[in-house]
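Dear colleague,

Please find below the structure that I am handing over to you. My notes on it follow directly after.

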Amino acid sequence: MTEDKFSITLLFNANKVFDRKVLEGIGMYLQTTGVNWDLYLEEDFRGRLEQIYAWQGDGIIADFDDPEIRRALENSSRPVVGVGGSHSNQADYPKVPYVATDNFELVNAAYTHLRQKGFSQFAFYGVPDPLGVIWPKERELAMKELVNREGYKCDFYNGRITQPASWQSTMDELGRWLLRLPKPVGIVAVTDARARHLLQACELVGLMVPDQVSIVGIDDDEVVRNLHKISLTSVKQGCVDIGYKAASILHKMLNKGKRYEEIHLIKPLGVVERASTDYKAVDDPYVIQALHFVRQNACKGIKVEQVADFVGVSRSNLEKRFTFERGHSLHNEIHQVKLNRACELLKTTSLELNDVAMQSGYPSLQYLYAIFKKHFSETPKQYRSNYS
């Protein structure tokens with residue numbers, strides 16, 4: 001029997017990584033189930049309310065983190081499924097079926113990652129209170145609960161909304177806050193975009209990441225994570241699962257003709273660790289400087305002698321200190337940073353193998369092949385295929 005065709009509108013802002021991934025999940029539901037839906041989405045992928053009251057469609061999936069959209073649709077006579085962030089207060093949930101990212105578990109994943117790295121000093125970088133938007137405050141509250149539960153102190157700072165005219169002064173203020181924090185410190189940023197501010201401010205004031213400041217973002221945004229020379233550790237949300245679940249609920253409502261009030265919390269997929277939290281407790285200031293220089297420059301083809309020159313001690317002295325603190329040689333550290341970079345590029349990009357070799361600091365593609373054969377018993381192409 002052929003299923004009835006329904007006209008569905010999607011109210012999202014695909015400039016946000018959260019919304020883009022939710023839309024991907026909705027599309028996945030359509031592809032895997034074959035539902036007969038005619039989707040309406042603005043050409044620029046921005047959800048707008050201007051015509052929604054005159055719209056004659058059958059159902060709506062919308063981003064309820066947008067307070068204007070929530071107010072407009074919460075009492076709609078049409079089937080509506082909201083998506084957004086979780087709430088610590090049950091009364092804050094909308095009166096429609098709602099699929100939410102679990103804000104507490106997002107922050108818990110980031111915090112636990114830093115705890116496992118050995119941190120006992122923490123900070124949280126949020127955003128100024130945006131009118132009507134709840135999720136940033138929910139993440140801040142989650143961080144407060146987590147550190148209070150275990151008896152740790154945490155410095156909270158929201159800074160300013162960034163604008164071109166005030167960008168430099170905003171970075172200066174953020175840098176001053178970072179300098180005041182006890183070191184080493186693990187910082188949870190409310191989003192990847194805010195985490196990128198931290199990386200830039202650390203560079204501005206001369207703080208070393210991850211040795212003095214380790215940073216975890218939330219979103220695992222492929223656009224943001226490589227916009228700084230230190231790649232960002234981030235919590236990956238289950239946004240695709242959110243979209244898939246929201247579509248399945250709307251499908252049920254359309255076919256059964258019933259209204260529901262149900263809440264589904266979707267846990268994060270985990271922490272994707274990168275260089276911004278590659279932290280191991282190190283006391284020797286020369287070794288800390290060496291590590292910072294290597295992480296910034298290993299893929300430029302540096303040698304041990306250049307690291308020693310940067311730190312300002314003899315090669316033999318630095319090698320001895322480094323091996324004592326890290327358990328391996330400085331040469332091995334350089335090699336591992338380059339190898340990690342090559343692996344990341346193979347897993348997350350479609351770059352030509354020659355470009356992977358060049359961007360990882362290897363002199364030739366043949367050299368890259370030899371390294372991968374030695375370490376993984378497979379070629380770079382085979383390694384990439386395992387992650388495609």
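V224 counts as buried, at 12% relative accessibility (buried means under 20% relative accessible area, exposed over 50%, partly exposed in between, with a 1.4 Å probe and protein chains only). Please note that this is a predicted model, in which local features need pLDDT of at least 70, side-chain atom pairs count only at pLDDT 80 or more, and totals for chains, interfaces and linings use all residues. Residues are numbered from 1 along each chain as its sequence is written, and side-chain values use heavy atoms, with hydrogens and water left out.

V224 belongs to the loop between strand 9 (213–218) and strand 10 (233–236); strands (E, at least two residues) and helices (H or I, at least four) are DSSP runs numbered from the N terminus. Beyond its neighbours within four places in sequence, V224 is in contact with D192, A193 and R196 (heavy atoms within 4.5 Å).

**Aromatic rings**

The model has 15 aromatic pairs, where rings of Phe, Tyr and Trp (its six-membered ring) pair if their centres lie within 6.5 Å; planes under 30 degrees apart count as stacked, over 60 as edge-to-face and the rest as tilted. Y157 is buried at 18% relative accessible area, and W177 is buried at 3%. Ring pairs also link Y29, W37 and Y244 into a cluster.

Yours sincerely
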